[in-house]
Structure formats: structure tokens, C-alpha cells
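Trainee: I've got a new structure open and I'd like to talk it through. Can we go over it piece by piece?

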Amino acid sequence: MGADVSTLGELKVALRAGIGGGKIVVHGNNKSDEELRAAAEADVLYLVLDAPDEVERAAAAGIKRALVRVTPGIEVDTHEAIQTASLGSKFGLTPEQTIEAVRLGTSLGLEMAGLHIHLGSQLLDLAAPRMLLDWLAGFVAVCRTELAWAPAVVDVGGGLGIRYTEDEPAPSIAEWIGDLEARLARDFAAHGLPRPGLILEPGRSLVARRASRSTRSASSRSPPRAHLGGGRRRLLRQPAPTLLRRPLRGAARQSRRRPERPFLHGLRQALRGRRRAGQARRSSGATSRRPAAVPDTGAYTLSMASNYNVLTRPAAVLVADGKARLIRRRETLEEILDLETL
């Protein structure tokens, strides 16, 4: 296990967490010179080159080992905002640019260790990764012909999704890894290529289920809805159709209550609340603040929380073995206002 980071801040967090540079991959599509120098100083395992001009800049910064992010032009079955391997993506180099980057990096003394590809996020089947490996083997065969070079390692990114709702299928991490390894071996052998090392970024599938977003809901009768405190600004990385189907459970009795459907401010539609006819009803406009939990929010929720409408970002509590421990304190309004210079 290591860390995949894309900013100077993420690199500093990984290092402070005790992850050595030799287990860190640094990428990002708009790296500053400061970030390149920091990666070199940390002697990271690999820097992922994401633009043609980064090759010379990385060499000048003292980077030793690099991967090149190539865009294969594969569109995957996920929300268009989180597709990252289509031809219109802002990430990566074209196959032609990749070949030139490998050639240039080698001439500048960089160890051009391999390739990086990332298809997108929240992938719920193995069809796209299989297609990717088929394409990758063919492209590496071209690299061997053009450059007499083949990657020692390939980072095929991540994107493995999870079941946010009961009707969504999702392969397990073990199924995902096993399928990719078998496909990689088969496809590279078919082209007579040496099998490269494999780096995977399971990300969301590792951490999403490890956390719940604790909040309060205010329910009203007309129409039946559950309004979440800080909903949109803390659940930013989910496409709207997924958000609309996310369960909202009473925090005190998660196993007994039927899931209610969350209404998130700013979305154009919301599913109607599910209430039984015999449940107590309040007059129109009346509300009650009840503890609630949105499950499976360990990925992106806190990291993408914002101060939209001058709201504070939440605390984080680690729960294990029946004990709870504060690991990030709640932000205060005074801390936000102290940043203003007027």
C-alpha cells in the first residue's frame, strides 16, 4: 500500500502520515515547479507526466523516475463529468505525444519506467478495464517498434465503484484485481511482450464504506421530503442521479427504519419521501431536527467540503471497538473570518 497524490498539499499529508517517498506516485494535470521540486526532494516512486512540457520541467527539477499518462480515447459507462480517458479529456497525452515524451525523457536522463492510464470514476463493471488492457497491449507493441522500449510498470488507475444503492452491482476488489492481472498477462503474452508490474488505485472502493456523514434532517409534510444540513456542499463528488437515490437513515435506529430519500438543495428534482399512511404527520411547514446518517461517504465528502455560504466544515470522529475519538476538530466561523483582510 502506498499513496497516490496530485497536489503539494496531498504530498505533504502523505509524508506526514508516515508514507515514504518510495511508496508515493505523484500526478496531476497542472503541476507547479514547486510541486515538481517537492516530489524530487521526497524521492517519490514515480512522477506521472501529464503534459508535453512537463518532461523537461521534471528533468530540470531533479525527478528520477517517471510514468507517462496516455489517453486512449475510451469512453466508459459513468457520469460524463468523471470520464477521464476520452479524447476530449483534459488529462494525459495522446498516443503520439506519449511516444515523443518517452523518447525525450530518455534523452534527458529520466528513467521512463512506464505508463499511467485512468478511465474514470465509479465504474461498476469490468468491461471498460478489460477493453483498456486490450488497447494497452497493442499500444505497447507500437512503442516497442517505435522506441525499442516497453514499460517496466503500468499504473492502470482506479475508478472501481461501490454500491451506493441496493440495485447497483459492483465487483469486489479481489474480483477487480484478479481479472486485471489475468487480462494483463494474457494480452501482453499475445503480443510477445514482457509482463510489466501493475499499480492499481482502488481509492473509493477502499474508503467509501468506512464513513458515514452524520447530520440532522428536517422533514416537512408538503411535499414529504428530508432536508439535509450541509447536503450539497459536502456531497459534491456524486452525480445527481446517484445523489437522488442515496439512502438517508435515522442515526439512532439505522436497522429498524425504512430508508428515506434525501432532497438536496440545488438539484432539479427529488424523489418523493416514502412514508406509511399510518405514520404520524405534522402540519404543513412544521419541521423536526432529527439525527440522520448518509452511509458510504468515506470518499470525497470531507476532502471536497467547502465554505459555501460561509458555512463551517465538519469535524471527523474515528469510531473503533466501541470508542470514539475526535481526529479533526470542527472549523469555526472565526477561523474563516480571520482570512479576510478588510
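This is a predicted model: local features need pLDDT of at least 70, side-chain atom pairs count only at pLDDT 80 or more; totals for chains, interfaces and linings use all residues.

Trainee: Okay, zooming out, how many helices and strands does the chain have?
Mentor: The chain runs to 342 residues, and 43% of them count as buried. As for its elements, there are 10 helices and 14 strands.

Trainee: In what order do the seven strands of the open sheet come?
Mentor: Strands in a sheet pair through backbone hydrogen bonds, and that can be parallel or antiparallel. Here the pairing is parallel, and the order is β1-β2-β3-β4-β5-β6-β7.

Trainee: Which strands stand at the edges of that sheet?
Mentor: Look for strands that have a single partner, because one side of each is then left without a neighbour in the sheet. Going from one strand to the next, the twist averages 25°. The edge strands are β1 (3–5) and β7 (197–201).

Trainee: Which residue in β3 does valine 26 stand opposite?
Mentor: Start with the two strands: β2 covers residues 24–26 and β3 covers residues 46–49, and they pair in the parallel sense over two bridges. Valine 26 faces a residue of β3, namely leucine 47.

Trainee: What angle does the direction of helix α4 make with that of β5?
Mentor: Helix α4 (residues 95–107) packs on the sheet and touches both β4 (65–69) and β5 (111–116). Its direction and that of β5 make an angle of about 160°.

Trainee: Now the charges! How many salt bridges does the count come to?
Mentor: Opposite charges on side chains can pair when their charged atoms come close. The cut-off used here is a side-chain nitrogen of Lys or Arg within 4 Å of a carboxyl oxygen of Asp or Glu. With that rule, the count is 12.

Trainee: How many residues apart are arginine 57 and aspartate 33?
Mentor: These two form a salt bridge, with their closest N and O atoms 2.8 Å apart. Arginine 57 is partly exposed at 23%, and aspartate 33 is partly exposed at 43%. Arginine 57 sits in helix α3 (residues 54–61) and aspartate 33 in helix α2 (residues 33–41), a separation of 24 residues.

Trainee: And which residues are linked with Asp134 in a network of salt bridges?
Mentor: Aspartate 134 forms a salt bridge with arginine 183, closest N and O atoms 3.1 Å apart. That pair joins helix α5 (residues 127–147) to helix α6 (residues 173–190), so it ties together parts 49 residues apart in sequence. Aspartate 134 also meets arginine 186 in a salt bridge at 3.5 Å, N to O. Along with Asp134, the network holds Arg183, Arg186 and Asp187.

Trainee: Last one: which residues form the nonpolar patch on the surface with about 310 Å² of accessible area together?
Mentor: One member is methionine 1, located in the segment before β1. Methionine 1 has a relative accessible area of 82%, so it counts as exposed. The whole patch is Met1, Leu206 and Val207.

Definitions and conventions. Residues are numbered from 1 along each chain as its sequence is written. Side-chain values use heavy atoms; hydrogens and water are left out. Two strands pair if DSSP finds at least two bridges between them. Helices (H or I, at least four residues) and strands (E, at least two) are DSSP runs, numbered from the N terminus. Axes are lines fitted to C-alpha atoms, for helices over the stretch in contact, and angles run from 0 to 180 degrees between N-to-C directions. Contact means heavy atoms within 4.5 Å. Buried means under 20% relative accessible area, exposed over 50%, partly exposed in between (1.4 Å probe, protein chains only). Patches are made of residues with over 30% relative accessible area and no salt bridge: like charges are joined within 9 Å, nonpolar side chains (Val, Leu, Ile, Met, Phe, Trp, Tyr) within 5 Å. Accessible areas come from the Shrake-Rupley method with a 1.4 Å probe; for residues, only the protein chains shown count as cover.
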